[in-house]
Amino acid sequence: MTSRDQPRGGPRIGVRIAGTGSALPSRVVTNRDLEKVMDTSDEWIVQRTGIRERRVHDRDAGESAEALGAKALAAALADARTEASEVDLVIAATMTASMPTPSTACVISSELGCGSAGAFDINAACSGFVFALNMAHEFIRGGQARCVGIVGVDTITRHLEFSDFGRSVSVLFGDAAGAVVLRADDDPARGMLAQAMHADGGRAHHLYIPIRHDDRLDPTDTDDRQLGLVRMNGQAVFKFAVSKFPEVIEETLNKVRMAPDEVDLYVCHQANTRILDAARQRFGLSADRLPVNMERYGNTVAASVPLLFDELRKAGRVPEGGRVMFLAFGAGLTWGSSLWKL
């Protein structure tokens with residue numbers, strides 16, 4: 001174990017990612033499908049985003065955020081060979097809970113039989129899962145829990161308009177859920193090595209969902225049809241992501257004095273291939289080291305990072321004992337990281 005793999009402070013308790021899981025709605029919507037309802041093309045969408053298809057939930061078919069989240073966490077528990085009764089805490093990262101209360105996490109916990117385990121939601125939009133991962137790690141490292149289930153789930157398409165009116169935004173997003181199970185481990189080298197969590201509410205108006213007239217953060221938003229729908233200044237969000245993404249990678253690496261090529265895998269929020277390509281070029285990373293799956297799912301908000309990580313684990317692409325950095329940016333505006341020794 002090198003000095004850079006030493007956990008920073010706190011009790012000498014290791015934390016391991018014991019299992020992963022994911023869940024997807026059954027309906028697939030391709031770019032060709034969107035061509036039929038709006039003035040766009042498969043070529044235009046792929047060229048600008050890298051997305052070819054996405055999943056769209058059907059609430060009437062039982063595909064709520066809570067149901068998808070429960071399915072993903074059930075799969076993660078099975079992968080971890082862990083009973084629901086062993087879970088001490090459930091954290092759900094979501095911005096699309098079905099109702100204000102109870103929390104999505106409480107519904108998931110009850111559905112799976114986690115008993116009286118603590119449960120709560122956090123809303124950091126696309127950064128939510130990474131923020132939740134950092135929080136859950138500290139509950140275990142601090143000795144307050146031994147097993148934590150984390151779910152990233154969003155059914156964002158309910159806030160989209162699949163027509164020419166919502167064309168610039170609706171092509172980007174899809175619905176999904178991903179989950180991980182964290183467990184205490186006897187090896188103190190395992191766990192989070194460094195993290196970063198940031199927000200800039202002064203730029204929240206670049207990406208938000210107004211519900212009422214007085215929710216409008218941008219005075220130019222005067223069309224009532226925009227209420228309840230994702231509002232995004234694409235150019236401003238792109239510039240934000242292109243600048244903050246490499247900054248947070250560098251910040252995290254500097255905390256443990258690592259070079260970019262000392263990280264085996266970068267599991268990044270899937271928002272736009274051009275943003276990820278810019279990060280690859282900046283740090284000289286191969287496509288294998290910074291993988292992409294957005295062509296099949298689009299931007300799935302808080303589900304993006306755990307969905308990709310679950311796919312990579314199932315494909316045997318996550319190195320045992322390796323170093324993995326989880327990264328995300330999103331509405332808020334928020335951005336963050338979580339660097340792990342597996």
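Let me begin with the interior: of the 342 residues in the protein, 56% are buried, where buried means under 20% relative accessible area, exposed means over 50%, and partly exposed lies in between, with a 1.4 Å probe and protein chains only. What you see is a predicted model, in which local features need pLDDT of at least 70 and side-chain atom pairs count only at pLDDT 80 or more, while totals for chains, interfaces and linings use all residues. Residues are numbered from 1 along each chain as its sequence is written, and side-chain values use heavy atoms, with hydrogens and water left out.

Now the overall form. The protein has ten helices and 13 strands; these are DSSP runs, H or I of at least four residues for helices and E of at least two for strands, numbered from the N terminus. Along its principal axes the C-alpha trace spans about 55 × 45 × 40 Å. The radius of gyration is 19 Å, which agrees with the value near 20 Å that a compact globule of 342 residues would have; this radius is taken over C-alpha atoms, and the globule rule is 2.2 Å times the number of residues to the power 0.38. Among contacts with a separation of 6 or more, 76% join residues 24 or more positions apart, a contact being heavy atoms within 4.5 Å. The protein exposes about 14,000 Å², and carbon and sulfur atoms supply 46% of that area, as computed by the Shrake-Rupley method with a 1.4 Å probe, where for residues only the protein chains shown count as cover.

Let us turn to the pockets. Rolling a probe the size of a water molecule over the atoms shows where empty space is left. On a 1 Å grid over the protein atoms alone, a cavity is a set of points where a 1.4 Å probe fits but cannot get out, whereas a pocket is an open set with protein on both sides within 12 Å along at least five of seven lines, and lining residues have an atom within 4 Å of a point. Grid points are joined across faces, edges and corners, and a volume is the space filled by probe spheres set on the points.

How much space lies in the largest pocket? The volume there is about 800 Å³, and 42 residues line this pocket, with Leu 172, Phe 173, Leu 207, Met 232 and Val 237 nearest its centre. Two or more lining residues come from each of several elements, including α2 (42-49), α6 (167-170) and α8 (273-283), while α7 gives the largest share, six residues. By class, the lining divides into 28 nonpolar, eleven polar and three charged residues, where Ala, Val, Leu, Ile, Met, Phe, Trp, Tyr, Cys and Pro count as nonpolar, Asp, Glu, Lys and Arg as charged, and the others, Gly among them, as polar.

The second largest pocket has a volume of about 220 Å³ and is lined by 15 residues, of which Ile 17, Arg 313, Val 318, Glu 320 and Leu 342 lie nearest its centre. At least two lining residues come from each of β1 (14-23), α10 (304-314) and β13 (334-341), and β1 supplies the largest share, four residues. This lining has eight nonpolar, one polar and six charged residues.

Next, please look at the backbone.

Arg 257, not a glycine either, has a positive phi of about 55° in the loop between α7 and β11 (265-268), but at 72% relative accessibility Arg 257 counts as exposed.

Finally, Thr 273 in helix α8 counts as buried because its relative accessibility is 19%. Leaving aside neighbours within four places in sequence, Thr 273 is in contact with Thr 49, Gly 50, Val 292 and Met 294.
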